[in-house]
Amino acid sequence: MNRIDFYILPTDAPEARWHFVGRLADKAARLGHRVLIAVDTTEQAQALDDHLWMQPEDSFLPHRRLGDPDAPAAAVEITDSEQCGDHRDVLINLRSAVPSHFEQFERLAEVVIQAPEVLKTTREHFSFYKSRGYPVRHQQL
């Protein structure tokens, strides 16, 4: 694990979190990185998948659900399980728990909004990473 970044948004709107995730994934993919976005449920994965088809507004972000045999390969994938496929580059964690495989990634991003449940879980994640000696940075946006 080279780097853990917490991106702190000033809003409590869930759609702002997803919009930022789309921009972050797009930037990472354009720089040649492979990105895995981890969410808690199948419903969240489907909603994020739908959202990413519309974002970013000025370009197209090729992506797919992890393991979808009907979708062409893409640099950005979404998972709602502990599976991470062959990803080792960038993990964007939107899960309420720290993914068990997070150490396999070069970079980890946590996107924070001001919603009470998200604040609670991301504070727990921050404490978890810090207590284990990982380098953690936070960026107020």
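Trainee: What should I know before I start?

Mentor: The model is predicted, so local features need pLDDT of at least 70 and side-chain atom pairs count only at pLDDT 80 or more, while totals for chains, interfaces and linings use all residues. Residues are numbered from 1 along each chain as its sequence is written, and side-chain values use heavy atoms, with hydrogens and water left out.

Trainee: How do I read a sheet, and what is the strand order here?

Mentor: Strands of a sheet pair through backbone hydrogen bonds, either parallel or antiparallel. Helices (H or I, at least four residues) and strands (E, at least two) are DSSP runs, numbered from the N terminus. Two strands pair if DSSP finds at least two bridges between them. Here seven strands form an open sheet with parallel pairing, in the order β3-β4-β2-β5-β6-β1-β7. At the edges are β3 and β7 (136-140), each pairing on one side only. On average, neighbouring strands of this sheet are turned by 20 degrees against each other, direction ignored. For angles, axes are lines fitted to C-alpha atoms, for helices over the stretch in contact, and the values run from 0 to 180 degrees between N-to-C directions.

Trainee: Which bridges hold β4 to β2 and β3?

Mentor: Strand β2 (residues 35-38) pairs with β4 in the parallel sense over four bridges, and Ile 37 has Ile 78 of β4 as its bridge partner. Strand β3 (residues 63-65) is joined to β4 by three bridges, also running parallel; there, Arg 64 is partnered with Glu 77. As for β2 and strand β5 (residues 90-93), four bridges join them in parallel, with Leu 91 of β5 as the bridge partner of Leu 36.

Trainee: Are the faces of β4 buried or exposed?

Mentor: In a regular strand the side chains alternate between the two faces of the sheet. Buried means under 20% relative accessible area, exposed over 50%, and partly exposed in between (1.4 Å probe, protein chains only). In β4 (residues 76-79), Val 76 and Ile 78 are buried on one side, and Glu 77 and Thr 79 are buried on the other.

Trainee: What surrounds Ile 37?

Mentor: Contact means heavy atoms within 4.5 Å. Ile 37 is found in strand β2 and counts as buried because its relative accessibility is 0%. Leaving aside neighbours within four places in sequence, its contacts include Val 21, Ala 25, Leu 48 and Ile 92. Ile 37 and Glu 77 are 40 residues apart in sequence, but 6.2 Å apart in space, C-alpha to C-alpha.

Trainee: Where do the helices sit?

Mentor: Helix α3 (residues 116-131) lies across β1, β5, β6 and β7, running at about 150 degrees to β6. Ala 16 lies in helix α1 (residues 14-30). This residue is partly exposed because its relative accessible area is 24%. Beyond its neighbours within four places in sequence, Ala 16 is in contact with Leu 9 and Thr 11.

Trainee: And what does His 51 touch?

Mentor: His 51 is in helix α2 (residues 42-54), and it counts as buried because its relative accessible area is 13%. Leaving aside neighbours within four places in sequence, His 51 is in contact with Glu 15, Trp 18 and His 19.
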